[in-house]
Amino acid sequence: MTDQPDVIVVGAGLAGLVATHELVKAGRRVLVVDQENRNNLGGQAFWSLGGLFFVDSPEQRRLGIKDSYDLALQDWMGSAGFDREREDHWGRQWAQAYVEFATTEKRQYLHDLGLRITPILGWAERGGGNADGHGNSVPRFHLTWGTGPEVVRVFQEPVLEGEKAGLVSFAFRHQVDELIVEGDAVVGVRGTVLEPTDLERGKASSRNKVGEFELRASAVIVTSGGIGHNHDLIRKNWPTERYGKCPETLIAGVPAHVDGRMLEITENAGGNIVNRDRMWNYTEGINNWDPIWPNHAIRIIPGPSSMWFDATGKRLPAPNFPGFDTNGTMKAILSTGHDYSWFVLTQTIIEKEFALSGSEQNPDITSKDLKFTLKSRLAKGAPGPVEKFKEHGVDFVVADNLRDLVDGMNKIGRGGATVDFAELERQIVARDREVANKFSKDLQLMAITNARQYIGDKLARTAKPHRILDPEHGPLIAVRLNILTRKTLGGLETNLDSQVMRADGTPFTGLYAAGEVAGFGGGGVHGYNALEGTFLGGCIFSGRAAGIALGKSLA
């Protein structure tokens, strides 16, 4: 591309690729600017598990799941809890539009690009116990065959074809420092050229300056991601009144380049940020024994059977069960004055119920190797990556008896918290006595029984109830769970065309935003809570909206 582009896209992650794809379809010329190198095309989406939120899909129907737009919208609105008249104005509209997209066009749109789904669906964020409150009423987590890299591929390939055709060019190692505003419109970007690097994907790169740049276009789309690795900004925005004091120990579920720089840069230019205090961090974080980026963390995606205790060994109150209510459990953990908690489980549970987030932690599905997947998932023992964490992970304790388990837990406890053996034993024995019957007053056991009514959980995700202290199901395992930083739920306010809004509520000419930097649409499509499988979809939906809108307006 030798002439001035029609559009500059700031950020080569998923939302940026989707927007570029739509612009190329419309015949527009696009320059994609990113502070990292070409190896990082696709951004954080590449490292994801590849979960996608569909409603009333063929996969759901084949499994006997009855879903609908009305049920999904009820779940979304009950989870979002929109309560801010001004800041939630566009978020509400994005929510309704996204659920409609997930019910109608989304699956076919991705299928036409070559994306396929695995047959068993996950039931994520099962909720807080009320039909009209937070959580998924039914399983909606559709796992991409090929995980995150496949979601990236289906958009990256047509974008690279656009590069060959001369419609797309890339400016890697270009760090945007300023949006150029002339009159009332954004007309380009200025910034720093960083020293070249051939570092592998995800590695932290230098910020050494070797030059400056100024680039101009008819419009700019900001698709630079969230704040997940910027712990200073997370602490600044932390919603203490809702969750409690920000944890002293935070571990990073995203690479170092997820720094949130473009939020302040866009705000300085006149764009409006809303819902800064809304974020989505996980309570089941573990330190990666084989890290790629600094402070690299992995999230355990748990089935419902592990017993969950606070740092001192007190069982968390219902409904704080694994996989049910992320933010509710966050509040329960932090209310104890400590910033970590414990799973206590058996080998039987870890074999069936532990999944790890991340494409690299699921090499069988990521590689789209059916034989490898069947061997990995059906063989005796936990999947290989899970067993490696059990063996090498600093957060894991494995023992043949509860006394030794508690001793190991206390060796890696922090902040002065200790677990009392007798009290932990009392709680586990009380729970174990309830297993003798198929019914129980224990709400977690009731939840497990309910989960196993769904064939996907019974076959692949939920172990048959058994006594935790039964040696036939051992060894015993304890996992120290840390707070893992991940997603930004607030961000740049945008209308349904992904055009950035000014503080007075008017559209900002020439400026668009999509993906996490825009709170996945509108500055907060999720409200206070996410339903999972919605982050990649939010990047796709908002990036698509920006690309289609500019493709038409620049005609």
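**Entry 1: the model and its domains**

I am working with a predicted model, and I kept that in mind throughout. I began with the domain assignment, which gives two entries: domain 1 (7–225 + 489–554) and domain 2 (296–484). I noticed that domain 1 is written as two stretches of the chain, 7–225 and 489–554. On the domain 2 side, 27 residues take part in the contact, and domain 1 brings 29 residues to it. I then looked up how far apart the C-alpha centres of the two domains lie, and found 32 Å.

**Entry 2: where the domains meet**

The size of an interface is often given as the accessible area lost when the parts come together. For domain 1 and domain 2, I noted a buried area of about 2,100 Å². Carbon and sulfur atoms give 58% of that area.

Next I looked for charged partners across the boundary. I wrote down three salt bridges between domain 1 and domain 2. I also looked up a salt bridge formed by the side chains of Lys368 and Glu150, with 3.2 Å from N to O.

**Entry 3: the second largest pocket**

I turned to open space and picked the second largest pocket, which holds about 420 Å³. I found 22 residues lining this pocket, and the closest to its centre are Arg126, Gly127, Gly129, Phe324 and Asn450.

Where does the largest share of the lining come from? Helix α17 (residues 443–451) provides it, with five residues. I also checked the domains: domain 1 and domain 2 each give at least three residues to the lining of this pocket. Sorted by class, the lining has ten nonpolar and ten polar residues, plus two charged ones.

Rolling a probe the size of a water molecule over the atoms shows where empty space is left. My tally of cavities of 30 Å³ or more came to five. For the largest cavity I noted a volume of about 40 Å³.

Which residues line the largest cavity? I listed Phe54, Arg107, Leu110, His111, Leu115, Arg116 and Ile117. By class, that lining has four nonpolar residues, one polar residue and two charged residues.

Note on methods. Residues numbered from 1 in each chain as written. Predicted model: local features only at pLDDT ≥ 70, side-chain atom pairs only at ≥ 80, totals over all residues. Heavy atoms only, no water. 1 Å grid on protein atoms, 1.4 Å probe; cavity = no way out; pocket = protein on both sides within 12 Å on 5 of 7 lines; lining within 4 Å. Points joined across faces, edges and corners; volume = space filled by probe spheres on them. Helix = DSSP H or I, 4+ residues; strand = E, 2+ residues; numbered from the N terminus. Nonpolar A, V, L, I, M, F, W, Y, C, P; charged D, E, K, R; others polar. Domains from an automatic or database assignment. Contact = heavy atoms within 4.5 Å. Buried area = accessible area lost by both parts, 1.4 Å probe. Salt bridge = Lys/Arg side-chain N within 4 Å of Asp/Glu carboxyl O.
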